[in-house]
Amino acid sequence: MGVYNVHERLIAAPGSEVGALVDTLSAGEDDRLWPGRLWEDMELDRPLGVGAAGGHGPVRYTVAAYVPGTWVRFTFTGPRGFHGFHEFAVLPVDAERTVLRHTIAMTVSGLSRITWPLAFRPAHDAFLEDSLDRAELACTGTVARPARWSPYVRFLRGLERLVSRPAQALAGPPRP
């Protein structure tokens, strides 16, 4: 099954300002694009650059290409059955407006033919809109139309919390 999923936002800011947000991807304290308080943190094994590996939750990837301030592409390495990439692109419209676009282009196989449409896609769509809200807020100081989670996404997030809570209890307290 082929997947082509695009989210984009026209932001009233120059391309250099929007591109600077993409350059902060790492989920560290300085990350101004990833909505980490609402979603699992992105982790990379080194600063954003070609070859950096990591992911968020069960989604794993490697940075396949990176043009600072312009574009970054991540190639999926997990979960099993995700074959393709996702990327952020900064597309200046004029001196004062820029489109920030996120694209997934992949095929899914095996169990992912079921998990993508039932769980991953709705959560991904909500996550991306939260990320674009964060970008718009960082560049303009406001969000014209804030994203809202659907009842189904709220259900999935609640289910995720229920499943992860017992796993955290089994792991015990963090070690010093």
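These are my notebook entries on one protein chain, taken from a predicted model.

**Entry 1: the parts list**

I started by counting elements, and the chain has 3 helices and 7 strands. Reading from the N terminus, I wrote down the order β-α-β-β-β-β-β-β-α-α. Next I wanted to know how compact the chain is. Its radius of gyration is 17 Å, close to the 16 Å from the globule rule for 176 residues, so I can call it as compact as a globular protein of that length. I also looked up the box around the C-alpha atoms, and along the principal axes it comes to roughly 50 × 35 × 35 Å.

**Entry 2: the sheet**

In what order do the strands of the open sheet lie? I traced β1-β7-β6-β5-β4-β3-β2, with antiparallel pairing across these 7 strands.

Then I picked one pair to look at in detail. Strand β3, residues 53–56, runs antiparallel to strand β4, residues 59–67, and I noted 4 bridges between them. For A53, the bridge partner in β4 is T62.

**Entry 3: helices on the sheet**

Which strands does helix α1 touch? Helix α1 (residues 15–23) packs on the sheet and touches β1, β4, β5 (71–78), β6 (82–94) and β7 (97–108). I jotted down an angle of about 155 degrees between the direction of α1 and that of β6.

Helix α2 (residues 112–140) packs on the sheet too, and my list of strands it touches is β1, β4, β6 and β7. The direction of α2 makes about 15 degrees with that of β1.

**Entry 4: a look at S112**

I zoomed in on S112, which sits in helix α2. Is S112 buried or exposed? Its relative accessible area is 2%, and buried means under 20%, so S112 counts as buried. Leaving out residues up to four places away in sequence, I found S112 touching R80, G81, F82 and P117.

**Entry 5: the whole chain again**

I zoomed back out to finish. Of the 176 residues, 40% count as buried. Last, I checked contacts with a separation of 6 or more: residues 24 or more positions apart account for 50% of them.

Key: Residues numbered from 1 in each chain as written. Predicted model: local features only at pLDDT ≥ 70, side-chain atom pairs only at ≥ 80, totals over all residues. Heavy atoms only, no water. Pairing = 2+ DSSP bridges. Helix = DSSP H or I, 4+ residues; strand = E, 2+ residues; numbered from the N terminus. Contact = heavy atoms within 4.5 Å. Axes fitted to C-alpha atoms, helices over the stretch in contact; angles between N-to-C directions. Buried < 20%, exposed > 50% of the residue type's maximum accessible area, 1.4 Å probe, protein only. Rg over C-alpha atoms; globule rule 2.2 N^0.38 Å.
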